[in-house]
Amino acid sequence: MPNNKSHAPQLTANLQSGFTAQQDTTTSAQNAEVDSFMRAEMVVDSATHPHLPFFKWKPKVQPLNLQNIRFQEEGFFKGSPYLRFDKLQNRHGVMGEPAPRNLANDDLVTGVLLLCFVLGITAASMSRNFILQQLKGLFRLPYRRSNVGETADELKYQIFLVVQTALIFSVSYYIYDKEVLGNVYTMATPLLTMGVFFAVFLSYFVVKHLLYSVVNWVYFEKRNALQWRNTHLFLTSVEGGLLLPSVLLIIYFNLAIQYALIYVVIIVGLIKLLSFYQTFVIFFRRINVSLQIILYFCTLELLPMMALIGVLTFIGNYLTLNI
């Protein structure tokens, strides 16, 4: 018993220190739990947590930003470790071939064709008297034709129609080179490629007109040379006007390229035949020679056309390989 009495104060001190340590541990746990709730910005109430002091934490309101919400992750498998959207976000299928450029959807090409159509109709209406005279005298003999000269305005309109013909040929050759030959150009717009072809066709008409003028001035009379100049300008203008419907049908109505090519060959062949006939009627009808007209026509009509085909082929290959 004395021994027990001697140990009582030490036991009481140990109990008090244990109770104090337990109380400190409880207080630390409560403070840690409160701190965790404060970090989570949650509302803590004494009804749900009776061991915590009564207080409320006001949540922080942030503006809603839809860009921060990943809607693709919302679903039945949300939170699954096997669903990895970060591994699939850059996979959008197999790369396919790019869609070919459609001329019908190109505003520049549409504007150019519409402008050519309107200005061509205007030029034809302004020079309709000269066109009618040329049509009437197309199959007449030279001595039965009326000597009706053309005014300066009518000459300007004829030159514009020749420029329009060069433009129509450039668009037609671009379509032929793309659809039949299969050449693909990397230019930003097809209008640039058509511009290169337009410069080639315009140079062809200018060079051929200069060759005709020089040869006719040297070997034939001035009256016959002037008559051939008017006839040549008229036939070139008619050639462009007849080719315009085929270009519009190909671009906007998906006309088969085979039928359009047949139509173009027929029109160009008819114009060449009319040119050959007019050359014979104007220059060689009173001269009983057949070799001279063949040499004249082949030198001034067929050789420039063959040179034109070679230049167009070379330029098309160059643009395909280097640009």
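This is a predicted model: local features need pLDDT of at least 70, side-chain atom pairs count only at pLDDT 80 or more; totals for chains, interfaces and linings use all residues.
Colleague: How do you know on which side of H2 its buried residues lie?

Modeller: The buried residues of H2 are Val109, Leu113, Cys116, Gly120 and Ala123, where buried means under 20% relative accessible area, exposed over 50%, and partly exposed in between, with a 1.4 Å probe and protein chains only. They cover an arc of only 100° around the axis, which puts them on the same side of H2; the arc is that of the directions from the helix axis to the C-beta atoms. Turned away from that buried side is the face with the exposed residues Asp107, Leu114 and Ile121.

Colleague: Why is Cys116 called buried, and why is Cys298 called partly exposed?

Modeller: Cys116 has a relative accessible area of 8% and is therefore buried, whereas Cys298, at 30% relative accessibility, counts as partly exposed. How many disulfides the structure holds is a separate matter, and the number is zero, a disulfide being a pair of cysteine sulfur atoms within 2.5 Å.

Colleague: What makes Lys208 and Glu301 a salt bridge?

Modeller: Their closest N and O atoms are 3.1 Å apart, and a salt bridge is a side-chain nitrogen of Lys or Arg within 4 Å of a carboxyl oxygen of Asp or Glu, so the pair qualifies. The pair links distant parts of the chain, with Lys208 in helix H5 (residues 190-219) and Glu301 in helix H8 (residues 291-322), 93 residues apart. Lys208 counts as buried because its relative accessibility is 3%, and Glu301 is buried with a relative accessible area of 2%.

Colleague: What else forms a salt bridge with Glu301?

Modeller: Lys272 does, the closest N and O atoms being 2.5 Å apart, and this pair joins helix H7 to helix H8 across 29 residues. Both Lys272 and Glu301 are buried. A search of the whole structure finds two salt bridges, and Lys208, Lys272 and Glu301 are linked in a network of them.

Colleague: Which residues form the nonpolar patch on the surface, and what does helix H7 supply?

Modeller: Leu249, Tyr252, Phe253, Leu255, Tyr259, Ile262, Ile266, Leu270 and Leu273 form the patch, with about 930 Å² of accessible area together. Helix H6 (222-253) and helix H7 (257-284) each supply at least two of its residues, and the largest share, five residues, comes from H7.

Colleague: Where does Leu255 lie, and how exposed is Leu255?

Modeller: Leu255 lies in the loop between H6 and H7, and with a relative accessible area of 31% Leu255 is partly exposed.

Key
Residues are numbered from 1 along each chain as its sequence is written. Side-chain values use heavy atoms; hydrogens and water are left out. Helices (H or I, at least four residues) and strands (E, at least two) are DSSP runs, numbered from the N terminus. Patches are made of residues with over 30% relative accessible area and no salt bridge: like charges are joined within 9 Å, nonpolar side chains (Val, Leu, Ile, Met, Phe, Trp, Tyr) within 5 Å. Accessible areas come from the Shrake-Rupley method with a 1.4 Å probe; for residues, only the protein chains shown count as cover.
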